[in-house]
Amino acid sequence: QVQLVESGGGLVQAGGSLRLSCAASGTIVRLNAMGWYQQAPGKERELVATISSDGRTNYGNSVKGRFTISMGNAKNTVSLEMNSLKPEDTAVYYCNADIYTGWRTSEYWGQGTQVTVSS
């Protein structure tokens, strides 16, 4: 079993910053990639950013230049530094990981953390 636990969400004023963190635990033979997705009320879940095990990153168009994804110092962790936050960034942010457990590769999701940006 694999678990993803997110932390760092909260309420911030427009223009402010927040840092999200996610830790993966359980039977992890190889972590292929981790990422963040956002889901606002009434909308579909959208890509925020991903990072592969070799450091390649990919960002959603709406966050390019403002958000930075990085692998954490601790093993199997990922962080998302969010700067210049806008009210439209308000959403539940979900951590995602692509993990090989030793017998198959699967995609895992965290429970989500709320980010609210006030105008």
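Biologist: What makes Arg19 count as buried, exposed or partly exposed?

Modeller: This is a predicted model, in which local features need pLDDT of at least 70 and side-chain atom pairs count only at pLDDT 80 or more, while totals for chains, interfaces and linings use all residues. Residues are numbered from 1 along each chain as its sequence is written, and side-chain values use heavy atoms, with hydrogens and water left out. Buried means under 20% relative accessible area, exposed means over 50%, and partly exposed lies in between, with a 1.4 Å probe and protein chains only. Arg19 has 44% relative accessibility, so Arg19 is partly exposed.

Biologist: Why is the contact between Arg19 and Glu81 called a salt bridge?

Modeller: A salt bridge is a side-chain nitrogen of Lys or Arg within 4 Å of a carboxyl oxygen of Asp or Glu. For the side chains of Arg19 and Glu81 the distance from N to O is 2.7 Å, and they meet in a salt bridge. Arg19 lies in strand β3 (residues 18–26) and Glu81 in strand β8 (residues 77–82), so the pair ties together parts that are 62 residues apart in sequence. Strands here are DSSP runs of E with at least two residues, helices are runs of H or I with at least four, and both are numbered from the N terminus. Glu81, with a relative accessible area of 24%, is partly exposed as well.

Biologist: How many salt bridges does this rule give?

Modeller: The count comes to three. One of them joins Asp54 and Arg56, whose closest N and O atoms are 3.1 Å apart, and both of these residues are exposed. Another joins Asp89 and Arg66, at 2.8 Å from N to O. Asp89 sits in the loop between β8 and β9 (91–100) and Arg66 in the loop between β6 (57–59) and β7 (67–71), so this pair ties together parts that are 23 residues apart in sequence.

Biologist: How do you know whether Asp89 and Arg66 are buried or exposed?

Modeller: Asp89 has a relative accessible area of 3%, so Asp89 is buried, and Arg66, at 11% relative accessibility, counts as buried too.

Biologist: What makes the protein as compact as a globular protein of its length?

Modeller: The protein has zero helices and 11 strands. Its radius of gyration (taken over C-alpha atoms) is 14 Å, close to the 14 Å that the globule rule gives for 119 residues, so the protein is as compact as a globular protein of that length. The globule rule is 2.2 Å times the number of residues to the power 0.38.
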